Amino acid sequence: MTIKGKVVKVIASRFFVTADNGKMYVCFARKKLKNFGIILTGDYVEIVKEAGEFVIEKVLPRRNSLIRPYVANVDAALIVIASVPEPDFLLVDKVIVNCIKEDIEPVLVINKEDLSDVDVSAYEKFLTVFKVSALTGAGIDGIKEYVKGKTVCLAGQSAVGKSSIINALLGVSLLKTDNISEKSGRGKHTTRVTELIDAGDYYIMDTCGFSLLDPIDIHPHELRLYYEDFLPYAVNCRYNSCTHTVEPECAVRNEVRKNIDEGRYIRYKALFDELDEIRRKKYE
Ligand SMILES: Nc1nc2c(ncn2[C@@H]2O[C@H](COP(=O)(O)OP(=O)(O)OP(=O)(O)O)[C@@H](O)[C@H]2O)c(=O)[nH]1
Ligand SMILES: [Mg+2]
Ligand SMILES: [Zn+2]
């Protein structure tokens, strides 16, 4: 009999699989599936019982896979920011681009609303935004509703409250959290594991610091396609291939400070230059 399930944790050569029947199986893998990367946390697999042991026989096709952390089949990423530590919106924009590229829905979560608000009006136009407090529980139900049926991971600077949000979602202090001063004192992240938490009607993965940030492998001239807030105006640029940087009669540049947020545009150009630089070095 074949059992279908999802890999939630990998330790050495053992795979922890939660099955549709609600049980957790500790499995080995068939020899041909043993190489690193063939089975990842997040993979949907088929297992069979053989000589008293559970063996992964097949890995089902993936929607996507990430490198840091190693996880497959991510539906959405909760990008967490807060008033403290001060948000780095260039990081946020990079994560959004990476998410779109990997077919992961980016969602913005503003945590620590009990302290003070963060202005995210530039993002509300094209992203789902949740304003919450992991401390008081305010707004957490909105996230709970959103994540139903999905596999989600979190991204965000250290100390924004990613682990605290998961604890608030689960209603138990499952994950270790730490205050900012202790963190900077040690210069270390509190969270280090790669494990999917089976929350019943969704899966969630805690990550340390900023994941989903690694090398954006995008040609600078294609970056424009990842800016959903620019797209409605880009159709009016003089050139079809307008990068919105130096071209004449650029409708996007013309909308800056009108319908396009200036910060988003300035960071777009910074990221464009960064990608251009990476490319130039590659072909020098
Ligand atoms: N005031 C307030 N503090 C919060 C809130 N959420 C988290 N904190 C505090 O912020 C600090 C950092 O929280 P963590 O959950 O450890 O942050 P993290 O994003 O998981 O950090 P890393 O694991 O290092 O990436 C802790 O001291 C939390 O108690 C909130 O909603 N309001
Ligand atoms: Mg954490
Ligand atoms: Zn343009």
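Reader: Let's start with His244. Buried or exposed?
Author: His244 is buried, at a relative accessible area of 2%. Buried means under 20% relative accessible area, exposed over 50% and partly exposed in between, with a 1.4 Å probe and protein chains only.

Reader: Before going on, what are the ground rules here?
Author: This is a predicted model, where local features need pLDDT of at least 70 and side-chain atom pairs count only at pLDDT 80 or more, while totals for chains, interfaces and linings use all residues. Residues are numbered from 1 along each chain as its sequence is written, chains are lettered from A and ligands numbered from 1 in the order in which they are written, and side-chain values use heavy atoms, leaving out hydrogens and water.

Reader: OK. Which residues coordinate the zinc ion (ligand 3)?
Author: Cys237 (SG), Cys242 (SG), His244 (ND1) and Cys250 (SG), at 2.1 to 2.4 Å. Donors are N, O and S atoms within 2.8 Å of the metal (3.2 Å for Na, K and Ca); water is not among the atoms, so sites may look incomplete.

Reader: What geometry does the site have?
Author: Tetrahedral, with angles of 105 to 113 degrees among the four donor atoms. Four donors count as tetrahedral if all angles lie between 85 and 135 degrees. The ideal angle for four tetrahedral donors is 109.5 degrees.

Reader: Switching to rings. How many aromatic pairs are there?
Author: Ten, from a search of the whole structure. One of them is Tyr123 with Phe126, a tilted pair at 6.0 Å centre to centre and 40 degrees between the planes. Rings of Phe, Tyr and Trp (its six-membered ring) pair if their centres lie within 6.5 Å; planes under 30 degrees apart count as stacked, over 60 as edge-to-face and the rest as tilted.

Reader: What about Phe230 and Tyr268?
Author: Their ring centres are 5.3 Å apart and the planes are at 70 degrees, so that pair is edge-to-face. Phe230 lies in the loop between β13 (203–205) and α6 (231–234), and Tyr268 in helix α8 (residues 262–283), 38 residues apart. Helices (H or I, at least four residues) and strands (E, at least two) are DSSP runs, numbered from the N terminus.

Reader: Which cluster do they sit in?
Author: Ring pairs link Tyr227, Phe230, Tyr265, Tyr268 and Phe272. Both Phe230 and Tyr268 are buried.

Notes. Four donors count as tetrahedral if all angles lie between 85 and 135 degrees; four count as square planar and six as octahedral if opposite donors are over 155 degrees apart and all others between 65 and 115; anything else is irregular.
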